Amino acid sequence: MAIVSVTSTSVTVNPLRQSQPLGAALAFLGLKGMIPLMHGSQGCTAFAKVVLVRHFRSCIPLNTTAMTEVSTILGGEENVEQAILTLAQKSKPEIIGLCTTGLTETRGDDMPRFVKQIRLHHPELNNLPIVLISTPDFKGGLQDGFAAAVESIVKQLPQPGDAKPQQVTILVSSAFTLGDVQEIKEIVSAFGLEAIVLPDISATLDGHLEDSYNATKAKGTTVPQLRSLGSSVFTLALGESMRQAAQILENKFSIPYEVFGELTGLDATDKFLQALSDISGISVPEKYRRERRQLQDALLDTHFYFGCKRVSLALEPDLLWSTVHFLKSVGTQIHAAVTTTRSPLLEKIPIGSVTIGDLEDFEQLAVGSDLIIANSHAVESAKRLGIPIYRQGIPIFDRLGNGLFTKVSYRGTMQLLFDIGNLFLEQEEAKVKH
């Protein structure tokens, strides 16, 4: 059991935390025909857009209600109405994701009333789903905003229907990359199951080229699929932050669920494949049995380099949980752990302590580590400490192809083993030379 402490400084010097609206926008981008709309100033949206563009190296369709000093004082209902009408007429989205920002949350705009009044005045919008979510960026983090967006979607859109024996719902947290989601979809389909992934960022942000430009994403989870979530026979919640959304589906439609805190590592993958086998009635395909044997061999090949190494991590709670469990399973020691926001997982992480803080706290705690695992904002800290860094999380803007990286399943675990193992190997070779 970990002791959770919160930094006592009154100012964040080197931020680790990303904002809730950024997380909500990321979740919304996994839906087909979606346009995320942030209710706030242009700067609020610009900051989120820059982070996502640099990380994914793709066009990111974020929109804003463009609040000014005057509209902030007088109220933003007119801005919200005009933004929704403009988007509906020009971009013709299939769904709009409306999230708040710190500016409008501080003012206290009554967003549910705004949306209700807009629909009352414009009945032509009755068939356009508008998913409203409260995401103040002065509290919580990216993971919180992402989870809140998924919860809002499953509250508003799914409808009851006859159970479809082969349909399962997969709720994916922000801890999983595009490559992770694609790998998970392939595994589930190998068991003869039809998966509705929410949100399916692997279909929208994977960098593929479209034949023509469109203001909305041409792929992703569709509105009809979201409507049919009530017909699934089981919910697979990937990441603790997806538990609440899974509980909402259970309460509304009596759909059982299981939460998988991690899908990296031998035991975690075994558990996931066994669950799919139980749901489908199909035994684990030979492809994955062979990959399991390959992973066992990879664990034997790499354990010399991982044993007793000291690793420090600065990650969002779900990603911190899964990474810690993987590292401990291969014999490393967790030297320090810093995260962004509170989570029920933190006290349960099998290490001594977890700090909720920033990268300045992390730099002080990471002294003496053999490896740092964090996003690209920690690179300068790693250089000052003279410690190699392995990039995980969001944003990663100084490496190519990070969005398609896979760390789940037997295959993804092997990739993670070799990537980190090579860093340790280079470290040992450098010591020998000196």
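Start inside, with the largest cavity: its volume is about 50 Å³. To see it, select Ser173, Ala175, Phe176, Gly239, Gly261, Leu263, Thr264, Asp318, Ser322 and Lys407, which line this space. A cavity here is a set of points, on a 1 Å grid over the protein atoms alone, where a 1.4 Å probe fits but cannot get out, and lining residues have an atom within 4 Å of a point. The volume is the space filled by probe spheres set on those points.

Before moving on, know that this is a predicted model, where local features need pLDDT of at least 70, side-chain atom pairs count only at pLDDT 80 or more, and totals for chains, interfaces and linings use all residues. Residues are numbered from 1 along each chain as its sequence is written, and side-chain values use heavy atoms, with hydrogens and water left out.

Now colour that lining by type: you get 3 nonpolar, 5 polar and 2 charged residues. Gly counts as polar here, while Ala, Leu and Phe count as nonpolar, and Asp and Lys as charged.

Next, which residues line the second largest cavity? Select Ile184, Ile187, Leu263, Thr269, Phe272, Val408 and Ser409. They surround about 30 Å³ of space, and this lining splits into 5 nonpolar, 2 polar and no charged residues. Show helix H8 (178–190) and helix H11 (266–280) too, since each supplies at least two of the lining residues; helices are DSSP runs (H or I, at least four residues), numbered from the N terminus.

Last stop: select Leu74, in helix H3 (residues 69–74). Leu74 is exposed, at 68% relative accessible area (buried means under 20%, exposed over 50%, partly exposed in between, with a 1.4 Å probe and protein chains only).

Key. On a 1 Å grid over the protein atoms alone, a cavity is a set of points where a 1.4 Å probe fits but cannot get out, and a pocket is an open set with protein on both sides within 12 Å along at least five of seven lines; lining residues have an atom within 4 Å of a point.
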